[in-house]
Amino acid sequence: MKKFLLIIVLFSLVSACNKNNQDDCISAYKNKDYITAFALSEKGCIEKNGEACYILANIYYMGLAHQTDHVKAARYYIKSCEIGNGRACYMMGKLYSESRIIPEDIDQSEAYYRKSNKILTKECNAGNPESCLYAGALYLYSKGVPHDTDKALGFFDKSCKMDYASGCYTIGYLLNTGRYSIMKNHDMAASYLNKACRLGYKEACK
(Lines give C-alpha, C1' and ligand atoms only; values in the text may rest on other atoms or scores of the structure.)
Protein backbone atom coordinates (compact mmCIF):
# COMPACT_ATOMS: atom_id res chain seq x y z
CA MET A 1 0.00 0.00 0.00
CA LYS A 2 2.80 2.44 0.83
CA LYS A 3 4.47 1.70 -2.49
CA PHE A 4 1.12 2.12 -4.23
CA LEU A 5 0.57 5.59 -2.79
CA LEU A 6 4.15 6.70 -3.41
CA ILE A 7 3.80 5.82 -7.10
CA ILE A 8 0.61 7.88 -7.26
CA VAL A 9 2.14 10.99 -5.77
CA LEU A 10 5.38 10.83 -7.71
CA PHE A 11 3.67 10.56 -11.07
CA SER A 12 0.97 13.12 -10.31
CA LEU A 13 0.90 16.37 -12.27
CA VAL A 14 2.88 19.02 -10.45
CA SER A 15 1.58 22.55 -10.11
CA ALA A 16 4.40 24.81 -11.30
CA CYS A 17 8.03 25.07 -12.39
CA ASN A 18 8.80 28.72 -12.27
CA LYS A 19 6.93 31.94 -12.80
CA ASN A 20 8.04 32.44 -16.39
CA ASN A 21 7.80 28.95 -17.90
CA GLN A 22 5.31 27.07 -15.74
CA ASP A 23 2.92 26.22 -18.58
CA ASP A 24 5.68 24.75 -20.74
CA CYS A 25 7.13 22.87 -17.78
CA ILE A 26 3.78 21.41 -16.72
CA SER A 27 3.03 20.38 -20.28
CA ALA A 28 6.42 18.72 -20.67
CA TYR A 29 6.11 16.81 -17.40
CA LYS A 30 2.52 15.77 -18.07
CA ASN A 31 3.38 14.57 -21.57
CA LYS A 32 6.42 12.68 -20.27
CA ASP A 33 8.83 14.93 -22.13
CA TYR A 34 11.24 14.62 -19.24
CA ILE A 35 14.24 16.05 -21.08
CA THR A 36 12.40 19.36 -21.53
CA ALA A 37 10.94 19.18 -18.03
CA PHE A 38 14.43 18.58 -16.66
CA ALA A 39 15.87 21.64 -18.41
CA LEU A 40 13.04 23.91 -17.30
CA SER A 41 12.96 22.65 -13.72
CA GLU A 42 16.75 22.92 -13.44
CA LYS A 43 16.53 26.57 -14.44
CA GLY A 44 13.66 27.18 -12.05
CA CYS A 45 15.51 25.54 -9.18
CA ILE A 46 18.52 27.79 -9.78
CA GLU A 47 16.04 30.67 -9.43
CA LYS A 48 15.09 29.19 -6.04
CA ASN A 49 11.63 27.99 -7.03
CA GLY A 50 10.69 25.20 -4.63
CA GLU A 51 8.35 23.46 -7.05
CA ALA A 52 11.01 23.35 -9.73
CA CYS A 53 13.50 21.80 -7.29
CA TYR A 54 10.86 19.24 -6.34
CA ILE A 55 10.30 18.24 -9.97
CA LEU A 56 14.03 18.04 -10.53
CA ALA A 57 14.37 15.78 -7.49
CA ASN A 58 11.61 13.50 -8.80
CA ILE A 59 13.33 13.24 -12.17
CA TYR A 60 16.60 12.21 -10.52
CA TYR A 61 14.82 9.92 -8.04
CA MET A 62 13.09 7.92 -10.78
CA GLY A 63 15.70 8.33 -13.53
CA LEU A 64 13.20 9.93 -15.87
CA ALA A 65 15.59 12.03 -17.97
CA HIS A 66 19.01 10.83 -16.87
CA GLN A 67 20.38 7.89 -14.96
CA THR A 68 18.86 7.51 -11.52
CA ASP A 69 20.81 9.55 -8.97
CA HIS A 70 19.38 9.30 -5.48
CA VAL A 71 22.09 11.48 -3.98
CA LYS A 72 21.13 14.39 -6.25
CA ALA A 73 17.47 13.62 -5.69
CA ALA A 74 17.91 13.96 -1.92
CA ARG A 75 19.90 17.17 -2.40
CA TYR A 76 17.11 18.78 -4.42
CA TYR A 77 14.37 17.49 -2.10
CA ILE A 78 16.21 19.19 0.77
CA LYS A 79 16.58 22.43 -1.19
CA SER A 80 12.92 22.36 -2.19
CA CYS A 81 11.83 21.67 1.39
CA GLU A 82 13.95 24.53 2.70
CA ILE A 83 12.29 26.86 0.19
CA GLY A 84 8.90 25.69 1.49
CA ASN A 85 7.62 22.78 -0.60
CA GLY A 86 5.67 20.39 1.61
CA ARG A 87 5.88 17.40 -0.73
CA ALA A 88 9.67 17.65 -0.80
CA CYS A 89 9.72 17.65 3.02
CA TYR A 90 7.52 14.55 2.93
CA MET A 91 9.97 12.80 0.62
CA MET A 92 12.89 13.59 2.93
CA GLY A 93 10.95 12.12 5.82
CA LYS A 94 10.46 8.99 3.75
CA LEU A 95 14.10 8.78 2.67
CA TYR A 96 15.39 9.13 6.25
CA SER A 97 13.06 6.35 7.39
CA GLU A 98 14.07 3.84 4.72
CA SER A 99 17.90 3.86 5.00
CA ARG A 100 18.23 2.84 1.33
CA ILE A 101 19.66 6.12 0.03
CA ILE A 102 20.78 7.93 3.16
CA PRO A 103 21.51 6.55 6.66
CA GLU A 104 18.38 5.86 8.66
CA ASP A 105 17.59 8.63 11.12
CA ILE A 106 14.14 8.35 12.68
CA ASP A 107 14.43 11.68 14.49
CA GLN A 108 15.25 13.47 11.23
CA SER A 109 12.50 11.56 9.48
CA GLU A 110 9.87 12.59 11.99
CA ALA A 111 11.12 16.19 11.94
CA TYR A 112 10.69 16.36 8.17
CA TYR A 113 7.27 14.73 8.37
CA ARG A 114 6.12 17.24 11.00
CA LYS A 115 7.41 20.11 8.89
CA SER A 116 5.71 18.71 5.82
CA ASN A 117 2.39 18.43 7.66
CA LYS A 118 2.28 22.16 8.40
CA ILE A 119 3.18 23.14 4.85
CA LEU A 120 1.00 20.54 3.14
CA THR A 121 -2.06 21.60 5.10
CA LYS A 122 -1.55 25.20 4.01
CA GLU A 123 -0.92 24.17 0.40
CA CYS A 124 -4.00 21.95 0.43
CA ASN A 125 -6.19 24.71 1.86
CA ALA A 126 -4.79 27.03 -0.82
CA GLY A 127 -6.06 24.67 -3.52
CA ASN A 128 -3.17 22.30 -4.28
CA PRO A 129 -4.74 18.83 -4.66
CA GLU A 130 -1.42 16.98 -4.71
CA SER A 131 -0.59 18.48 -1.32
CA CYS A 132 -3.93 17.18 -0.03
CA LEU A 133 -2.90 13.71 -1.19
CA TYR A 134 0.41 13.88 0.68
CA ALA A 135 -1.25 15.31 3.79
CA GLY A 136 -3.67 12.41 3.81
CA ALA A 137 -0.78 9.96 3.54
CA LEU A 138 0.79 11.42 6.69
CA TYR A 139 -2.32 10.62 8.72
CA LEU A 140 -2.81 7.25 7.06
CA TYR A 141 0.73 6.09 7.87
CA SER A 142 1.16 7.95 11.21
CA LYS A 143 4.13 9.94 9.91
CA GLY A 144 4.82 12.96 12.12
CA VAL A 145 1.18 12.98 13.20
CA PRO A 146 -1.07 10.49 15.02
CA HIS A 147 -2.82 7.88 12.87
CA ASP A 148 -6.22 9.27 11.92
CA THR A 149 -8.13 7.59 9.11
CA ASP A 150 -10.91 10.19 9.20
CA LYS A 151 -8.43 13.01 8.56
CA ALA A 152 -6.67 10.94 5.91
CA LEU A 153 -9.91 10.28 4.05
CA GLY A 154 -10.87 13.93 4.47
CA PHE A 155 -7.70 15.06 2.73
CA PHE A 156 -8.11 12.47 -0.03
CA ASP A 157 -11.72 13.54 -0.52
CA LYS A 158 -10.69 17.19 -0.72
CA SER A 159 -8.14 16.28 -3.37
CA CYS A 160 -10.80 14.43 -5.33
CA LYS A 161 -13.21 17.36 -5.11
CA MET A 162 -10.55 19.42 -6.88
CA ASP A 163 -10.93 16.92 -9.75
CA TYR A 164 -7.59 15.30 -8.96
CA ALA A 165 -7.66 11.76 -10.34
CA SER A 166 -5.05 10.37 -7.93
CA GLY A 167 -7.02 11.62 -4.93
CA CYS A 168 -10.21 10.01 -6.24
CA TYR A 169 -8.44 6.73 -6.91
CA THR A 170 -6.77 6.63 -3.51
CA ILE A 171 -9.94 7.10 -1.48
CA GLY A 172 -11.82 4.75 -3.79
CA TYR A 173 -9.17 2.08 -3.34
CA LEU A 174 -9.23 2.42 0.45
CA LEU A 175 -13.01 2.30 0.70
CA ASN A 176 -13.10 -0.69 -1.62
CA THR A 177 -10.42 -2.71 0.18
CA GLY A 178 -10.93 -1.63 3.78
CA ARG A 179 -7.18 -1.25 4.34
CA TYR A 180 -5.96 0.41 7.56
CA SER A 181 -9.18 -0.53 9.39
CA ILE A 182 -11.22 1.73 7.13
CA MET A 183 -14.83 0.61 6.90
CA LYS A 184 -15.60 -0.73 3.46
CA ASN A 185 -18.20 1.09 1.40
CA HIS A 186 -18.35 -0.35 -2.08
CA ASP A 187 -20.97 2.10 -3.34
CA MET A 188 -18.91 5.12 -2.31
CA ALA A 189 -15.77 3.43 -3.58
CA ALA A 190 -17.38 2.91 -6.98
CA SER A 191 -18.34 6.58 -7.13
CA TYR A 192 -14.77 7.72 -6.44
CA LEU A 193 -13.24 5.16 -8.79
CA ASN A 194 -15.65 6.08 -11.58
CA LYS A 195 -14.68 9.72 -11.19
CA ALA A 196 -10.99 8.81 -11.23
CA CYS A 197 -11.61 6.86 -14.44
CA ARG A 198 -13.42 9.83 -16.02
CA LEU A 199 -10.47 12.03 -15.06
CA GLY A 200 -8.11 9.72 -16.90
CA TYR A 201 -6.75 7.40 -14.19
CA LYS A 202 -6.69 4.15 -16.19
CA GLU A 203 -6.21 1.82 -13.21
CA ALA A 204 -9.56 2.99 -11.85
CA CYS A 205 -11.35 1.90 -15.03
CA LYS A 206 -10.62 -1.80 -14.51
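Because the model is predicted, local features need pLDDT of at least 70, side-chain atom pairs count only at pLDDT 80 or more, and totals for chains, interfaces and linings use all residues. Residues are numbered from 1 along each chain as its sequence is written, and side-chain values use heavy atoms, with hydrogens and water left out.

**Confidence**
- The chain averages a pLDDT (the predictor's confidence in each residue, from 0 to 100) of 88, and 87% of the residues score at least 70.
- Helix α11 (residues 186-198) has the highest confidence at 98, while helix α1 (residues 2-10) has the lowest, with a mean of 51; helices here are DSSP runs of H or I, at least four residues, numbered from the N terminus.

**The core**
- The largest nonpolar core has 62 residues, and Met-92 and Phe-156 are among those with the most contacts inside it.
- Such a core is a set of buried Ala, Val, Leu, Ile, Met, Phe, Trp, Tyr and Cys residues joined through side-chain atoms within 4.5 Å; buried means under 20% relative accessible area (1.4 Å probe, protein chains only).
- Leaving aside neighbours within four places in sequence, Met-92 is in contact (heavy atoms within 4.5 Å) with Ala-74, Tyr-77, Ile-78, Ile-102 and Tyr-112.

**Helix α8**
- In α8, 13 of its 13 residues are buried.
- Asn-128 caps the N-terminal end of α8, with a side-chain oxygen 3.0 Å from the backbone nitrogen of Glu-130.
- Ser-142 follows α8, and its phi is positive, near 60°.

Technical notes: Helix = DSSP H or I, 4+ residues; strand = E, 2+ residues; numbered from the N terminus. Buried < 20%, exposed > 50% of the residue type's maximum accessible area, 1.4 Å probe, protein only. Polar contact = N/O pair within 3.5 Å; in protein donor to acceptor, adjacent residues only side chain to side chain.
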